Amino acid sequence: DVGMIQAAHIGCGISGREGRAAVLVSDYSFAQFKYVARLVLLHGRIMYKRNTEVVWYSFYKNWMHNLTFIFFAFVSAFSSQPLNTSGLLATYNLFWTSLPIIAYAVTEQDVTQDTASRFPILYQETMAVGRRHFLLTQLKWLLIGCWHALACYFVPMYTMVTPDKNGIPDDFTEIGTTIYFASIIVVNLKLCMRTRHWTWINHTIVYLSIFLLLPFIWLYGLVWETSSVPGTADMSRMADRLYSSSRFWLAGVILAPAMSLLPDIMIMAYQRTFYPSTAQLLQEAEHAGARVTGMRGIPRNVNAAAGAEEPAEGGLIELRAMMPNKAEMSDAYGQPQQGKKKKGARGGGPSSE
């Protein structure tokens with residue numbers, strides 16, 4: 001047992017009469033074998049989906065942010081002209097984009113725990129995923145990140161570089177701060193689109209990660225006047241210039257994020273409408289209002305995914321192909337089975353169920 005647990009990707013040990021050697025070398029341990037079903041079908045599945053999403057998103061948000069610097073390098077003839085100041089660069093991952101994905105990794109669940117436990121077919125989604133699928137999905141994230149970087153860079157750049165009514169164009173620091181603000185909005189809204197399970201933690205962190213950037217830029221602009229910290233002179237009174245400009249609000253806050261996320265919305269709508277996964281179909285069933293029991297009230301598409309027969313009428317049938325029988329549920333989750341007695345029990349002859 002110890003050798004097999006150490007060789008496994010995730011070792012699970014059961015504490016029994018043989019001692020605690022298996023428990024001591026395992027990653028997870030439990031007292032009874034019946035808890036394996038919940039560990040695999042519920043915790044194992046959702047943790048895999050959370051971890052993969054965190055990896056994809058982390059590469060995406062940094063890829064998208066750094067592409068704006070590459071685009072600016074062509075404009076600045078590959079000079080040392082920075083697009084953002086050091087303070088903005090240092091806080092991108094520290095304050096504005098790291099906390100939302102941490103909250104997502106802790107709280108996200110695509111379907112409820114009850115649904116995940118009642119439909120073991122959901123585990124096939126993670127069983128069928130291999131390295132090739134993981135890398136292809138990461139490539140899709142990076143490609144959509146290229147579009148996000150293009151929209152967040154060129155919309156503010158070509159909007160704000162034009163002189164205003166007084167003949168004065170915005171400088172590169174103002175344009176770079178607008179691009180930075182648009183990037184923060186896009187990456188956080190992208191995560192919002194991927195979030196299924198919303199809690200007060202998610203709401204609070206996402207909203208603060210976006211809206212606290214406004215007072216941060218204002219306070220950042222006061223640093224040079226109060227303490228003359230090197231590297232902050234370009235941001236002096238930045239909020240006064242940006243927040244009074246309509247081009248900042250229209251190009252950086254509204255137009256660039258809207259253009260960035262429009263393809264994401266279209267792709268998600270197309271996929272969920274014409275090629276939905278089993279989990280997405282169960283999400284629709286949950287959203288319909290009734291508790292998903294695995295027996296009645298499930299759309300025919302879910303039954304087709306499970307290999308069940310088409311309904312004769314009404315569009316709804318009993319979903320038995322994806323639902324384990326009562327004996328399996330009792331063995332898996334420790335629920336006692338009613339009406340059963342051992343043969344030859346004390347106080348009577350053989351009993352019938």
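Predicted model: local features only at pLDDT ≥ 70, side-chain atom pairs only at ≥ 80, totals over all residues.

Asparagine 202, if its neighbours within four places in sequence are left aside, is in contact with Ala103, Tyr104, Thr107, Thr195 and His197. This asparagine lies in helix H10, which covers residues 200–211, and, because its relative accessibility is 4%, under the 20% limit, asparagine 202 counts as buried.

Leucine 213 can be followed in detail: not counting residues up to four places away in sequence, it touches Trp96, Tyr180, Phe181, Ile184 and Tyr243.

Helix H15 runs over residues 278–287, and eight of its 10 residues are buried, so the helix is largely enclosed by the rest of the structure.

Next comes a pair of helices. Two packed helices are described by the angle between their axes and by the distance between those axes. For helix H3 (residues 36–75) and helix H4 (residues 86–96), the axes come within 12 Å and cross at roughly 165°. Angles over 145 degrees count as roughly antiparallel, and therefore H3 and H4 are roughly antiparallel to each other. Their crossing is right-handed. On the H3 side the contact is made by Lys61, Asn62, His65 and Phe69, while H4 contributes Leu89, Tyr92 and Asn93; the residues of this contact divide into three nonpolar, three polar and one charged.

The loops deserve a careful look as well. Most residues other than glycine have a negative phi. Phenylalanine 78, however, has a positive phi, near 55°; this residue is found in the loop between H3 and H4, and, because its relative accessible area is 59%, over the 50% limit, phenylalanine 78 is exposed. Arginine 237 also has a positive phi, of about 55°, although it is not a glycine. Arginine 237 lies in the loop between helix H12 (223–227) and helix H13 (238–243), and with a relative accessible area of 38% it is partly exposed.

Another loop, the one between helix H8 (131–160) and H9, holds aspartate 171, which counts as partly exposed at 35% relative accessibility. How far apart in space are aspartate 171 and aspartate 234? From C-alpha to C-alpha they are 9.9 Å apart, whereas in sequence they are 63 residues apart.

Finally, consider the chain as a whole. It has 17 helices and four strands, and buried residues make up 39% of its 353 residues. Among the contacts in the chain with a separation of 6 or more, 67% are accounted for by residues 24 or more positions apart.

Conventions
Residues numbered from 1 in each chain as written. Heavy atoms only, no water. Contact = heavy atoms within 4.5 Å. Helix = DSSP H or I, 4+ residues; strand = E, 2+ residues; numbered from the N terminus. Buried < 20%, exposed > 50% of the residue type's maximum accessible area, 1.4 Å probe, protein only. Axes fitted to C-alpha atoms, helices over the stretch in contact; angles between N-to-C directions. Parallel < 35°, antiparallel > 145°, perpendicular 65-115°, else oblique. Left-handed = near helix turned anticlockwise from the far one by under 90°. Nonpolar A, V, L, I, M, F, W, Y, C, P; charged D, E, K, R; others polar.
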